[in-house]
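I will go through it pair by pair and write down what I find.

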Amino acid sequence: MSNIKTFPYPVPHAVPIFLAPMAGVSESPFRRLCRAHGADVVVTEFLSAEGIRRENEATLSKLRFSADERTIGVQIFGADPAAMADAAALVTDVFQPEFVDINFGCPVKKVVKRNGGSGCLRDLSLVRDVIKAVSAATHLPVTVKVRSGWNEEMRDPVKIGLVCQDAGARVLTLHARTRTQMYTGKANWDEIAAVAEALDIPVVGNGDIKSPEDVVRMYEHTRASGIMVGRGSFGQPWIFNQARALLDGLPVPETPGVEGRFAVALDHMRMVQEYEVDPDGAAYEFRKHLGWYVKGLFNSADLRKKLHQVTSFSQVEGIFADYLADHSERARVLTGDGERDEVAVDEAA
Ligand SMILES: Cc1cc2nc3c(=O)[nH]c(=O)nc-3n(C[C@H](O)[C@H](O)[C@H](O)COP(=O)(O)O)c2cc1C
C-alpha cells in the first residue's frame with residue numbers, strides 16, 4: 001500500500017472506513033449500529049455553529065453520543081470564523097469528541113445563502129479564516145469535508161485541498177461533486193486520486209459507494225487514506241464488515257437474509273428507543289429506515305406501505321412477524337447493485 005499517512009485520531013485499520021455525516025440519518029443510534037457493524041470512524045450530522053454557540057437546546061441534544069461510537073467527529077458549519085471558534089471550543093469542552101470536522105460541502109440553499117457549507121468554497125480566504133479560527137479554539141484535530149468546488153468553472157479540488165491543508169486541516173474528506181451538481185452526475189474519483197496524491201494529510205474519498213466492492217474499487221482507484229460511505233449504508237449497515245473483509249482479502253460475511261435484516265432493523269430500533277426522548281416522533285422518523293431495510297424483499301411494496309404507517313415502535317415487530325409467517329417459503333432478498341439509486345436526497349446537506 002502506498003501513500004500511508006497517519007490519522008490524527010485512533011483508527012484500527014490502515015485504511016479506515018467512515019460512516020458519512022448525514023443530517024437526519026447519521027444520528028447517534030445509527031452511528032452506534034454502524035460502529036457495531038464495522039464502521040471505524042463516524043461523524044455527527046452537521047450542526048450549526050450559531051446553534052451551538054447560543055446553546056440552542058435542539059442543537060445541543062444532537063451532540064449527545066455514547067462511548068461505543070468513538071472514534072467520533074462532531075461536524076459544525078457556519079461562515080463566521082468567530083462563531084465557528086466558539087462552537088468548536090464548546091464542543092471540545094463539553095462533548096470531547098476525537099475531532100472537530102468543518103462542513104464545506106453542504107449544498108442546501110438555506111445554508112449556502114449565508115455562505116455556510118459549500119457556500120464557503122466561493123471564497124477560499126474565508127475557508128482559510130474559518131479553519132484557522134477553529135484550530136486556534138481547540139486542542140482537538142480539526143478536519144474538513146469539502147466538495148470539488150462551487151460550480152464547474154470553480155472546480156479545483158486540489159487547490160481547495162492545499163488551501164485547507166495550509167490553514168491547518170489535519171484530514172480532508174472530498175465528496176467529488178460540485179455544489180451545483182448537488183447529488184446528480186457521478187462523483188469524480190479521479191479527483192479524489194489527484195487530491196490524495198497532492199496533499200500530505202490523509203484524504204478520505206467519498207461519493208457513490210453502493211456496495212462493499214465499491215469500497216475496494218474506490219481504494220484501488222484513488223489510494224485515498226480512508227473511504228467514506230454515505231447512502232450505501234442505508235438499510236445495510238453490514239456493508240462495513242463486508243467491505244473490511246474484502247479490503248483485507250478475507251472471506252466476506254454473508255448478506256443477511258430476511259430474518260437477519262429484520263433482526264438488525266429491530267436492534268437499530270431499540271437503540272433509537274433508548275436514545276430518543278419523544279418515542280412517537282422517533283417512530284415517525286424511523287419509518288424511512290424501515291423502508292430501507294425492506295427494500296428489495298419479496299412483496300416489499302406491501303410491506304413498506306404497512307411500515308410507513310407505523311405510529312409507535314410496538315407495531316413493528318408484529319408487522320415483521322406477519323410478513324415472515326405469510327412468506328416463510330417465498331420470502332427472499334432481491335437486492336441488486338442498482339437498487340439503492342433511488343434514495344431521495346432532495347433536502348440532503
Ligand atoms: C440525507 C443526507 C444528509 C446529508 N447530510 C450531510 C451532513 O450533515 N454533513 C455533510 O458533510 N454531508 C452530508 N451529506 C453528504 C454525505 O455526507 C455524502 O457526502 C454524500 O451523500 C455522498 O456520499 P454517498 O454517495 O456515499 O452517499 C448528506 C447526504 C445525505 C444523503
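**Strands 5 and 6**

I began with Val 100, which stands opposite Val 142 in strand 6. This is a predicted model, and I read it as such. I then looked at the strand pair as a whole. Strand 5 and strand 6 run parallel and are joined by 5 bridges. Strand 5 covers residues 99-104, and strand 6 covers residues 142-149. I checked the cover on strand 6 as well. Of its 8 residues, 8 are buried, and I noted the strand as mostly covered.

**Strands 6 and 7**

Next I followed strand 6 to its pairing with strand 7. These two also pair in the parallel sense, over 5 bridges. I looked up two positions in this pairing. Val 146 has Leu 174 in strand 7 as its bridge partner. Arg 147 stands opposite His 175 in strand 7.

Is strand 7 mostly covered or mostly open? I found it mostly covered: 7 of the 7 residues in 172-178 are buried. I sorted them by side. In a regular strand the side chains alternate between the two faces of the sheet. On one side I listed Leu 172, Leu 174, Ala 176 and Thr 178, all buried. On the other I listed Thr 173, His 175 and Arg 177, also all buried.

**Phe 104**

I turned to Phe 104, which is found in strand 5. Is Phe 104 buried or exposed? I counted 29 other C-beta atoms within 10 Å, so Phe 104 is buried; the cut-off is 20 or more. I listed its contacts, leaving aside neighbours within four places in sequence. They are Gly 117, Ser 118, Cys 120, Leu 121, Val 127, Val 144, Lys 145 and Val 146. Val 146 is the residue I had paired with Leu 174 in strand 7. I also took one distance. Phe 104 and Gly 116 are 12 residues apart in sequence, and their C-alpha atoms are 7.1 Å apart in space.

**Helices 6 and 7**

I moved on to the helices. The axes of helix 6 and helix 7 (residues 157-167) come within 8 Å and cross at roughly 30 degrees. That is under 35 degrees, so I recorded helix 6 and helix 7 as roughly parallel to each other. Their crossing is right-handed. From helix 6 I listed Leu 124, Val 127, Arg 128, Ile 131 and Lys 132. They meet Ile 160, Val 163, Cys 164 and Ala 167 in helix 7. By class, this contact has 7 nonpolar, no polar and 2 charged residues. Val 127 had already come up among the contacts of Phe 104.

**Helices 4 and 6**

I then took helix 4 (residues 81-95) against helix 6 (residues 124-137). They pack at an angle of about 30 degrees, with their axes 8 Å apart. Helix 4 and helix 6 are therefore roughly parallel to each other. This crossing is right-handed. Helix 4 contributes Pro 81, Ala 82, Met 84, Ala 85, Ala 88 and Ala 89. Helix 6 contributes Asp 129, Val 130, Ala 133, Val 134, Ala 136 and Ala 137. I sorted these residues into 11 nonpolar, no polar and 1 charged.

**His 327**

Last, I looked up His 327, in the segment after helix 14. His 327 has 15 C-beta neighbours inside 10 Å and counts as partly exposed. Leaving aside neighbours within four places in sequence, His 327 is in contact with Phe 298 and Asn 299. His 327 and Asn 299 are 28 residues apart in sequence and 8.9 Å apart in space, C-alpha to C-alpha.

Conventions
Residues numbered from 1 in each chain as written. Predicted model: local features only at pLDDT ≥ 70, side-chain atom pairs only at ≥ 80, totals over all residues. Axes fitted to C-alpha atoms, helices over the stretch in contact; angles between N-to-C directions. Helix = DSSP H or I, 4+ residues; strand = E, 2+ residues; numbered from the N terminus. Parallel < 35°, antiparallel > 145°, perpendicular 65-115°, else oblique. Left-handed = near helix turned anticlockwise from the far one by under 90°. Contact = placed C-beta atoms within 7 Å. Nonpolar A, V, L, I, M, F, W, Y, C, P; charged D, E, K, R; others polar. Buried ≥ 20, exposed ≤ 12 C-beta atoms within 10 Å, placed from the backbone. Pairing = 2+ DSSP bridges.
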